[in-house]
Amino acid sequence: MTRNPAVLVRLLLIISAALLGFGLTLPCMTVVPNFGPYEDWVRLLDPSLTHASHYSVVSGIGSMFEQGAVGIGALLLGFSVIFPGVKIAIMVAAVEALRRREGPGWLMRLVHHAGKFSMLDVWVIAVLVVAAKGLPGDTEVRLGPGIYLFAGSVLCSVLSGAVMHHAEHKLLVGQVVKS
Amino acid sequence: MARRVARTPIWVWPVLLVLIAGLSGVTGWAFFGPEAALLVQAEPIEGEGEQVVSRLEYGKTYHVWIKKIALEDRMPDGDRWDSGNDSAPDIQFELSRDGERLQKSDARKDAFVARWDPISIDVKDMLINGSTQIDPAGLIQSPLVRYEPGTVLDLTVWDDDATGLDDEHAGVVRLVFGELFLGENTILPSATGSSSVKQVEVVLFPEDLSLTELIRLVSER
């Protein structure tokens with residue numbers, strides 16, 4: 001792998017890592033309750049029901065553990081927090097291996113498989129937003145900056161994967177030609 | 001002689017990226033984490049072209065119900081409350097407007113957090129007067145206040161002394177109607193050396209609220 005693609009991939013992965021951290025901790029979703037024509041009465045009788053609720057990926061996972069939904073919480077922790085971080089780490093190690101012309105190896109195979117799960121969380125949140133549309137009384141779900149930053153992190157890792165795949169292909173072709 | 005170029009160990013970059021992700025996560029949590037989210041919740045949110053939260057209207061009359069008062073664990077001067085008998089304060093308040101008293105509550109004994117209901121029945125008064133009927137409007141003890149520009153109420157809080165000779169001042173909270181909403185308002189006075197009032201919950205409800213709705217209001221604690 002030549003120098004320029006390696007620099008590009010590293011830059012994309014650094015951006016992806018930074019966006020991942022912000023994306024996991026900034027609010028990704030805000031639920032604004034609304035009770036239609038009864039809004040004023042609800043506010044009068046139980047104002048806590050009218051307060052907006054903000055959720056980030058991390059705070060949402062924490063809430064799940066607190067409320068006993070350990071299975072779902074662990075699943076989201078694994079695929080939302082641990083997996084993306086490990087994937088970025090594997091990718092940057094793979095690009096180093098490629099740059100040293102050590103061949104794709106098991107690292108690149110791991111990266112290929114990991115890429116299939118990239119958009120899982122974005123999809124889950126999109127489903128939640130659609131589901132919330134069916135709630136009564138014009139309750140609204142607003143996407144927060146966290147989801148956009150998280151998606152940006154995923155896109156950067158997907159782009160770096162594409163560059164790495166191209167570089168890997170060139171390396172393999174070069175090896176075939178030499179042989 | 002060929003020079004050997006030192007290679008960065010392959011594990012350096014993964015560790016560096018994980019650190020970058022962790023640092024950005026900590027930064028995001030510090031500035032936009034749950035604490036920040038809670039502060040944002042305290043602000044009213046407006047929908048598109050339509051207010052979700054109801055402000056008060058000029059010319060309308062509202063009941064002002066002082067629902068809850070919380071005091072700090074020390075008096076404004078730093079001394080303990082009721083140091084004579086080592087007990088919590090007996091919280092009492094007076095609501096006034098332009099120096100004229102609107103309401104004086106009864107005291108809540110030995111408590112740092114006190115609650116009052118807007119409805120009460122004076123049994124003694126009924127017995128003395130020989131009343132056999134209860135007027136629903138008479139049950140509501142919260143004073144009525146007509147909202148006009150510049151309406152401000154003063155809530156004076158103190159630790160009641162049974163003898164009346166040693167009441168200990170807790171603080172004064174100004175209730176500016178222009179900053180309040182219909183329904184429950186939570187006021188967090190700024191910490192000063194002259195006040196030990198930590199929190200006030202005041203509920204404003206319309207004068208024409210039915211007794212049924214008022215009972216529901218009281219039951220929602």
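How many aromatic pairs does a search of the whole structure find over all chains, and what surrounds them?

Reply: This is a predicted model, in which local features need pLDDT of at least 70 and side-chain atom pairs count only at pLDDT 80 or more, while totals for chains, interfaces and linings use all residues. Residues are numbered from 1 along each chain as its sequence is written, chains are lettered from A and ligands numbered from 1 in the order in which they are written, and side-chain values use heavy atoms, with hydrogens and water left out.

The search finds 4 aromatic pairs over all chains; here rings of Phe, Tyr and Trp (its six-membered ring) pair if their centres lie within 6.5 Å, and planes under 30 degrees apart count as stacked, over 60 as edge-to-face and the rest as tilted. One of them joins B:Tyr58 and B:Tyr147, whose ring centres are 4.8 Å apart with planes at 45°, so this pair is tilted. The two residues are 89 residues apart in the chain, with B:Tyr58 in the loop between β2 (50–51) and β3 (61–71) of chain B and B:Tyr147 in the loop between β7 (144–146) and β8 (152–159); strands are DSSP runs (E, at least two residues), numbered from the N terminus.

B:Tyr58 is exposed, with a relative accessible area of 55%, whereas B:Tyr147 is buried at 8%; buried means under 20% relative accessible area, exposed over 50%, and partly exposed in between (1.4 Å probe, protein chains only). B:Tyr147 also forms a tilted pair with B:Phe177, at 5.6 Å centre to centre and 40° between the planes, and B:Phe177 lies in the loop between β9 (168–176) and β10 (183–187) of chain B, 30 residues apart from B:Tyr147. Ring pairs therefore link B:Tyr58, B:Tyr147 and B:Phe177 into a cluster.

B:Phe177 is itself buried, with a relative accessible area of 1%. Leaving aside neighbours within four places in sequence, B:Phe177 is in contact (heavy atoms within 4.5 Å) with residues including B:Leu56, B:Val64, B:Val145 and B:Leu204. B:Phe177 is also among the residues that touch the most other members of the largest nonpolar core, which has 29 residues; such a core is a set of buried Ala, Val, Leu, Ile, Met, Phe, Trp, Tyr and Cys residues joined through side-chain atoms within 4.5 Å. The largest share of this core, 5 residues, comes from β3(B). In soluble globular proteins, nonpolar side chains tend to be buried together.

Conventions. Helix = DSSP H or I, 4+ residues; strand = E, 2+ residues; numbered from the N terminus.
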